[in-house]
Amino acid sequence: MPLQEGAKSKGHSTRAAVPSSIWLQLGEGAGETGETMLTLRRGLSLKVLRKGVEETCLWENAKQIMRPDDANVAGNVHGGTILKMIEEAGAIISTRHCNSQNGERCVAALARVERTDFLSPMCIGEVAHVSAEITYTSKHSVEVQVNVMSENILTGTKKLTNKATLWYVPLSLKNVDKVLEVPPVVYSRQEQEEEGRKRYEAQKLERMETKWRNGDIVQPVMNPEPNTVSYSQSSLIHLVGPSDCTLHGFVHGGVTMKLMDEVAGIVAARHCKTNIVTASVDAINFHDKIRKGCVITISGRMTFTSNKSMEIEVLVDADPVVDNSQKRYRAASAFFTYVSLSQEGKPLPVPQLVPETEDEKKRFEEGKGRYLQMKAKRQGQAEPQA
């Protein structure tokens, strides 16, 4: 897919929409004119002026057609495929911004994805339009908001399918453990900065809380009964290769999210034995980096069911098999919500989960609390529109 020239330019600043299926890699060094060369995986290149610009490019657009290998047997695009596109678009714009001033070169690494709702299914043959915008920067992090639209190119119909908020941190190209400072952005209103600071503090607190409660692991059970947690729990083991990684040698956040969604989908399908689709993803927290050569285990287990939805907890553990100095560690965690669909695409009742152990009953009640909280939030948002 060729690069598409954007329609907005001011002073020396430029804009180009990069297909989100192409990962951004930052080349070493910069020229006398202040141009940074961004080298893309497929051999394409894009010049972005970074010195003396009057306006920093804070938004990014990308397009990609959905193909059969992006979807399930029913033709619905995998939630993991969409999450990967969202993350790649966010990485491009945040890396670009973090290198918009003179200083040490860096690549933006994904730290967290806020709750993401899948508002409408996307199908094979439709075009995904991914737009990303930087909405807040702290001293060491960037908030990016991403919208995904699907387009039926036969009828021209477009619909909003996803809205997501992601947080990135800039890591030095010379020292991956060094987090660099983020160039500040100029807000059109003071309220925008204040609201962004509140979101930053809230996600920072939640990330700390989530990391402390991630000690348990998913254990296999022999001959489990149907509708129990053990019956549908699933694991996937993946050896991290070069194609999974950034130029730092660490796994792309989008790759991890896609694998997490695959495991969650297997759990949901095993439980209800119907066509299933991703309805939402609760906040995904990336607790630690995953290095090339690690063996990662992605485990999923059902935690809660309502009448028409299933909550699945997904845990990612990394085992640095070539490094005896480091033990297995928790790299990421999230809750996925799935719904069961008929052949006509209508929601179906979900078999009710049967928790057996005290831990399973506790997780069920916690999942019920999250479900009721989100249900009340959606009802509250709908009432003013009535």
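How much space lies in the second largest pocket?

Guide: The model shown here is predicted. In it, the second largest pocket holds about 810 Å³ of space. Its lining is made up of 38 residues, and the closest to the centre of the pocket are Leu110, Ala111, Val169, Arg207 and Phe286. Several elements each give two or more residues to this lining: the strands E7 (106-113), E11 (158-172) and E17 (329-341), together with the helices H2 (190-212) and H4 (253-272). Of these, H2 gives the most, namely six residues. Sorted by class, the lining has 20 nonpolar residues, ten polar ones and eight charged ones.

Helix H4, one of the elements of the lining, also packs against helix H1, residues 79-98. The angle between H1 and H4 is about 165 degrees, and their axes lie 8 Å apart. Angles over 145 degrees count as roughly antiparallel, and H1 and H4 are therefore roughly antiparallel to each other. Their crossing is right-handed. On the side of H1, the contact is made by Gly79, Gly80, Thr81, Leu83, Lys84 and Glu87; on the side of H4, by Gly253, Gly254, Val255, Met257, Lys258 and Asp261. By class, this contact of H1 with H4 comprises three nonpolar, five polar and four charged residues.

Notes:
Residues are numbered from 1 along each chain as its sequence is written. This is a predicted model: local features need pLDDT of at least 70, side-chain atom pairs count only at pLDDT 80 or more; totals for chains, interfaces and linings use all residues. Side-chain values use heavy atoms; hydrogens and water are left out. On a 1 Å grid over the protein atoms alone, a cavity is a set of points where a 1.4 Å probe fits but cannot get out, and a pocket is an open set with protein on both sides within 12 Å along at least five of seven lines; lining residues have an atom within 4 Å of a point. Grid points are joined across faces, edges and corners, and a volume is the space filled by probe spheres set on the points. Helices (H or I, at least four residues) and strands (E, at least two) are DSSP runs, numbered from the N terminus. Ala, Val, Leu, Ile, Met, Phe, Trp, Tyr, Cys and Pro count as nonpolar, Asp, Glu, Lys and Arg as charged, and the others, Gly among them, as polar. Axes are lines fitted to C-alpha atoms, for helices over the stretch in contact, and angles run from 0 to 180 degrees between N-to-C directions. Angles under 35 degrees count as roughly parallel, over 145 as roughly antiparallel, 65 to 115 as roughly perpendicular and the rest as oblique. A crossing is left-handed if the near helix is turned anticlockwise from the far one by less than a right angle, and right-handed if clockwise. Contact means heavy atoms within 4.5 Å.
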